[in-house]
Amino acid sequence: MKGVKRILAAVLCITVLLGLTGCSNSVTGGKRIIRISHAQSETHPEHLGLLKFKEYIEENLGDKYEVQIFPNELLGSAQKAIELTQTGAIDFVVAGTANLETFADVYEIFSMPYLFTSEEAYHATMNDTDYMNTVYESTDEAGFRVLTWYNAGTRNFYAAKPINTPADLKGLKIRVQQSPASVNMVKAFGAAASPMSFGEVYTAIQQGVIDGAENNELALTNNKHGEVAKYFSYNKHQMIPDMLIGNLKFLNSLSDEEREIFEEAARLSTEVELENWDDQVAEAKRIAEEDMGVTFIDVDVEQFKEAVADVQEQMLEDNPNIRDTYEHIQEINAQYSDKEASN
């Protein structure tokens with residue numbers, strides 16, 4: 001069944017892309033078709049957010065635009081879809097910041113282990129729109145720009161074997177995002193890093209190509225990784241947002257009024273995604289425990305922090321372009337640490 005689905009997805013992808021001879025000119029029934037690619041399922045909070053994006057655009061500009069959403073990597077892996085967005089073959093893609101590092105190295109900051117001291121500080125940073133816009137503009141030369149962010153929770157290790165301490169990672173093969181910082185982090189834990197497309201993870205664990213991966217709880221259920229990885233450890237090594245990325249030529253072709261509508265649609269999509277995130281994580285954890293037999297392990301996070309402390313220092317030394325953002329985030333971390341201390 002999985003093979004049939006992959007063939008159907010490939011056929012759909014080819015059919016869509018063959019019809020794209022420059023998606024900027026793709027018109028159906030007099031309407032400009034807006035195509036959005038993402039890697040998640042149709043029930044994922046990001047997809048629900050994108051449905052809101054579609055709804056708002058079509059409510060306000062429905063005479064000119066029709067929005068089509070392609071989930072489950074139907075138009076290719078995140079990196080491929082970014083390239084398609086970069087060229088204008090499609091208009092928008094949702095991808096993690098790790099995928100943006102090759103286009104603007106400031107995005108490497110989000111792959112830094114234990115960058116944020118709390119989820120509150122993480123959200124406050126991402127909602128600091130004025131500051132984040134300076135980061136979003138960094139990919140203009142590459143032909144695309146981020147419009148908004150989506151919460152992807154905390155990233156944790158999950159595997160076919162229990163991971164209670166950093167020592168348990170030694171010798172394991174762990175899938176990571178295609179980011180040098182994530183690779184170095186896993187190496188610092190003593191594991192072998194295996195960068196690969198998210199869509200390949202299930203089969204890779206099932207066949208023993210890798211021992212596990214690192215992601216949030218939804219990967220266990222939405223992507224069924226809980227069928228092949230029965231231990232999920234809350235070491236909380238990263239909080240990496242996903243981004244809604246738009247082709248810059250298309251964005252710049254919009255009138256001021258249209259651009260405002262697209263930006264408001266993006267903001268509303270984040271609002272919907274955030275509203276659904278916590279509920280879906282709680283439900284994913286329940287399903288993983290009760291129906292899939294996954295064991296959730298609370299670990300001593302400080303042990304894991306100590307094991308990768310040198311990775312932070314090396315990143316700041318190797319990439320001066322992340323220092324300003326790092327210091328900005330440390331100020332926000334301090335604010336939320338002070339709030340916790342006063343409570």
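Reader: What makes E290 and R286 a salt bridge?

Author: In this predicted model, the closest N and O atoms of E290 and R286 are 3.0 Å apart, and because a salt bridge asks for a side-chain nitrogen of Lys or Arg within 4 Å of a carboxyl oxygen of Asp or Glu, the pair qualifies as one. Both residues lie in helix α10, four residues apart, which is about one turn of the helix.

Reader: Why is E290 called exposed?

Author: The relative accessibility of E290 is 56%, and exposed means over 50%, so E290 counts as exposed. R286, with a relative accessible area of 33%, is partly exposed, because that term covers values between 20% and 50%.

Reader: What makes K64 and E258 a salt bridge, and where do the two residues lie?

Author: Their side chains meet at 2.4 Å, N to O, and the cut-off is 4 Å, so the pair is counted as a salt bridge. K64 lies in the loop between α2 and β3, whereas E258 lies in helix α10, so the pair ties together parts that are 194 residues apart in sequence.

Reader: Is E258 buried or exposed, and how do you know?

Author: E258 has 7% relative accessibility, and buried means under 20%, so E258 counts as buried. K64, at 38%, is partly exposed.

Reader: What makes E119 part of a negative patch?

Author: E119 gathers on the surface with E120, D278 and D279, and Asp and Glu count as negative. Patch residues need over 30% relative accessible area, and E119, found in helix α4, has 37% relative accessibility.

Conventions. Residues numbered from 1 in each chain as written. Predicted model: local features only at pLDDT ≥ 70, side-chain atom pairs only at ≥ 80, totals over all residues. Heavy atoms only, no water. Patch = residues over 30% accessible without salt bridge, like charges linked within 9 Å, V, L, I, M, F, W, Y side chains within 5 Å. Areas by Shrake-Rupley, 256 points an atom, 1.4 Å probe, with all protein chains shown as cover. Charge placed at Lys NZ, Arg CZ, Asp CG, Glu CD. Buried < 20%, exposed > 50% of the residue type's maximum accessible area, 1.4 Å probe, protein only.
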